[in-house]
Amino acid sequence: MTLERRRFRSSGGELAYVDAGEGVPVLLLHGFPTSAHLWRRLVPMLTPAFRAIAPDLLGYGDSAKPVDVELHIRAQARYVRELVEHLGADDIAVVGHDIGGGVAQLLAMDGGVRTLVLIDAICFDAWPIEGVRLLQRAGAGEYDESFVRQVLEVTFDLGMGHRHRLDDEALAEYVRPWAADPAALHRAASGIDGVGLDGSEARLSDLGARALVLWGEDDPFLPASLAERLGETLPGASVAVLPGCSHFLIEDAPETVLPLIADYLRIHHLGARHAHAGPRFLDLGVSFERPGHGLEDPAAAGLGNGEEE
């Protein structure tokens, strides 16, 4: 499924974005080196109840890929905030993966975010990862279509526990924008500078937003221990670490992760349930390749019938 993009000119350049459905807005932020294509199966699940807004970050996907324009997460948060204000969206929920999760945290700390879903997100000082540093050290002249295809193939090979679940068509859609402008991948990688989230514990702990933290247990880029650390920092957070899954959790286990996100938003964003003290850790069972996987007791995760605790 390919999501239709609209266009908005931010202060950094033109953003391509998806705007589907009506109702309470949910902002979906992808990470490196993907695009809003990451949310192709989540958007249709949200639109019956929500307005799903999914931009390609500046320098990514079908958004502009300018030269000499800031692409770090502080700038990305500014461009996305401009888009949200242009669309008249407020009191939003934000779902973020990877660096999109870092942008989501910045937006939440700046206010106006009532619900937060972080998926294998950059956080604290645990980024950029070594693979990104290697890409930063490579000269822009080394980037051609063959190189960027290889980078994405290796990234998904390492970042998925179930690589066969990403079909050739989906991979080709992730590769397509970079193949058209290979040097843009270098610029995007260079924007991942590790600045903006170090020492954020106090600000995160003061957030009034409800939070769901989802992580792949076998994430080789951002270890699952970060999920627990985020859960302990964010007030009232629910935490789920999925066995047998890796960094690209949305691609690894869509049949479990996407309903979990949609139900969490339905209950906690639409229902505005009260906050509770301390993080909640969700037991999702064993590997998805074995019997008994999944959420054995949805009510234990706050995903039951929406009744107050």
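Modeller: Two strands pair if DSSP finds at least two bridges between them, where strands (E, at least two residues) and helices (H or I, at least four) are DSSP runs numbered from the N terminus. This is a predicted model, in which local features need pLDDT of at least 70, side-chain atom pairs count only at pLDDT 80 or more, and totals for chains, interfaces and linings use all residues. Residues are numbered from 1 along each chain as its sequence is written, and side-chain values use heavy atoms, with hydrogens and water left out.

Colleague: Which residue of β4 is the bridge partner of Pro25?

Modeller: Strand β3 covers residues 24-29 and strand β4 covers residues 50-55. The two pair in the parallel sense over four bridges, and in β4 the bridge partner of Pro25 is Arg51.

Colleague: Which residue of β5 stands opposite Leu29?

Modeller: Strand β3 also pairs with β5 in the parallel sense, over four bridges, and β5 runs over residues 92-98. The residue of β5 that stands opposite Leu29 is Gly96.

Colleague: How many of the six residues of β3 are buried?

Modeller: A residue counts as buried under 20% relative accessible area, as exposed over 50% and as partly exposed in between (1.4 Å probe, protein chains only). Strand β3 is largely enclosed by the rest of the structure, because the number of its six residues that are buried is five.

Colleague: What is the omega of the peptide bond that joins Phe32 and Pro33?

Modeller: Pro33 is part of the loop between β3 and α1, a helix of residues 43-46. The peptide bond that joins Phe32 to Pro33 is cis, and its omega is about 0°.

Colleague: What omega does the peptide bond from Trp127 to Pro128 have?

Modeller: Here the proline, Pro128, sits in the loop between β6 (113-121) and α4. Most peptide bonds are trans. The bond from Trp127 to Pro128, however, is cis, with an omega near -5°.

Colleague: Is Asp68 buried or exposed?

Modeller: Asp68 belongs to the loop between β4 and α2, a helix of residues 73-86, and its phi is near 60°, a positive value in a residue other than glycine. Because its relative accessible area is 79%, Asp68 is exposed.

Colleague: And is Asp98 buried or exposed?

Modeller: Asp98 also has a phi near 60°, again a positive value in a residue other than glycine, and it is found in strand β5. With a relative accessible area of 9%, Asp98 is buried.

Colleague: How many aromatic pairs does the structure hold?

Modeller: Rings of Phe, Tyr and Trp (its six-membered ring) pair if their centres lie within 6.5 Å, and planes under 30 degrees apart count as stacked, over 60 as edge-to-face and the rest as tilted. The number of aromatic pairs in the structure is five.

Colleague: At what angle do the ring planes of Tyr60 and Trp178 lie?

Modeller: The ring centres of Tyr60 and Trp178 are 5.5 Å apart, and the pair is edge-to-face because the planes lie at 70°.

Tyr60 is in the loop between β4 and α2 while Trp178 is in helix α6 (residues 168-180), so the pair ties together parts that are 118 residues apart in sequence. Tyr60 counts as buried at 0% relative accessibility and Trp178 at 1%, and the angle asked for is 70°.

Colleague: How far apart are the ring centres of Phe156 and Tyr174?

Modeller: The planes of these two rings lie at 25°, so the pair of Phe156 and Tyr174 is stacked. Phe156 lies in helix α5 and Tyr174 in helix α6, so the pair ties together parts that are 18 residues apart in sequence. Phe156 is buried at 0% relative accessibility, as is Tyr174 at 2%. The distance between the ring centres of Phe156 and Tyr174 is 5.2 Å.

Colleague: Which residues do ring pairs link into a cluster?

Modeller: One of them is Phe32, whose bond to Pro33 is cis. The residues that ring pairs link into a cluster are Phe32, Tyr60 and Trp178.

Colleague: How many disulfides does a search of the whole structure find?

Modeller: A disulfide is a pair of cysteine sulfur atoms within 2.5 Å. Cys123 is buried at 0% relative accessibility, and Cys245 is buried at 0% too. The number of disulfides found by a search of the whole structure is zero.

Colleague: How many of the 17 residues of helix α11 are buried?

Modeller: Helix α11 covers residues 254-270 and is mostly covered. Its buried residues include Pro254, Leu258, Tyr264 and His269, and of its 17 residues the number buried is twelve.
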